[in-house]
Amino acid sequence: MRNSNGVGPLRQRQLRAIAENLCMLADLHCENHNYVAAEALYVRALSVAQQSHTPNDDGSALLARIRAKQQQALELDAVG
């Protein structure tokens, strides 16, 4: 059965896992002060997370977390 965005439940879990992994990799780049790479990874994580998001799941928390971390990386890059 497919969700409202046309993604099946297995594919939705896969996309969410990919987004989480990209976000963790971006976090590592931030810790190493490589904000350009982190920003690119956050953008991709956000894109993948949006593909897996449906109105009736908790994907909005993932999207909000990625956006917050992305903003933090941008601010750190501007400072440093």
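Ala68 lies in helix H3, which spans residues 59-79. Helices here are DSSP runs of H or I with at least four residues, strands are runs of E with at least two, and both are numbered from the N terminus. The model is predicted, so local features need pLDDT of at least 70 and side-chain atom pairs count only at pLDDT 80 or more, while totals for chains, interfaces and linings use all residues. Residues are numbered from 1 along each chain as its sequence is written, and side-chain values use heavy atoms, with hydrogens and water left out.

Ala68 is partly exposed, with a relative accessible area of 49%. Under the criteria applied, buried means under 20% relative accessible area, exposed means over 50%, and partly exposed falls in between (1.4 Å probe, protein chains only). The C-alpha atom of Ala68 is separated by 9.8 Å from that of Tyr42. Along the chain, these two residues are 26 residues apart.

The chain contains 3 helices and 0 strands. From the N terminus on, the order of elements is α-α-α. The chain has 80 residues, of which 32% count as buried. Contact is defined as heavy atoms within 4.5 Å. Among contacts in the chain with a separation of 6 or more, 56% join residues 24 or more positions apart.

Two packed helices are described by the angle between their axes and the distance between the axes. Helix H1 covers residues 9-31 and helix H2 covers residues 35-52. Their axes come within 8 Å and cross at roughly 165 degrees. H1 is therefore roughly antiparallel to H2. Axes are lines fitted to C-alpha atoms, for helices over the stretch in contact, and angles run from 0 to 180 degrees between N-to-C directions. Angles under 35 degrees count as roughly parallel, over 145 as roughly antiparallel, 65 to 115 as roughly perpendicular, and the rest as oblique. The crossing of H1 and H2 is left-handed, meaning that the near helix is turned anticlockwise from the far one by less than a right angle.

On the H1 side, the contact includes Leu15, Ile18, Ala19 and Leu22. On the H2 side, the residues include Leu41, Tyr42, Ala45 and Val48. The residues of this contact divide into 16 nonpolar, 4 polar and 3 charged. In this grouping, Ala, Val, Leu, Ile, Met, Phe, Trp, Tyr, Cys and Pro are nonpolar; Asp, Glu, Lys and Arg are charged; the others, Gly among them, are polar.

His33 is found in the loop between H1 and H2. Its phi is positive, about 60 degrees, although His33 is not a glycine. His33 counts as exposed, at 60% relative accessibility.

Val43 belongs to helix H2. Val43 is partly exposed, at 41% relative accessibility. Val43 and Leu22 lie 21 residues apart in sequence, with 9.3 Å between their C-alpha atoms.

Helix H3 also holds Gln70. Gln70 is buried, with a relative accessible area of 13%. Leaving aside neighbours within four places in sequence, Gln70 contacts Glu39, Tyr42, Val43 and Leu46.

Leu62 is likewise in helix H3. Leu62 is buried, at 4% relative accessible area. Not counting residues up to four places away in sequence, Leu62 touches Arg16, Ala19, Glu20 and Ala49. C-alpha to C-alpha, Leu62 and Leu46 are 8.6 Å apart, at a sequence separation of 16 residues.
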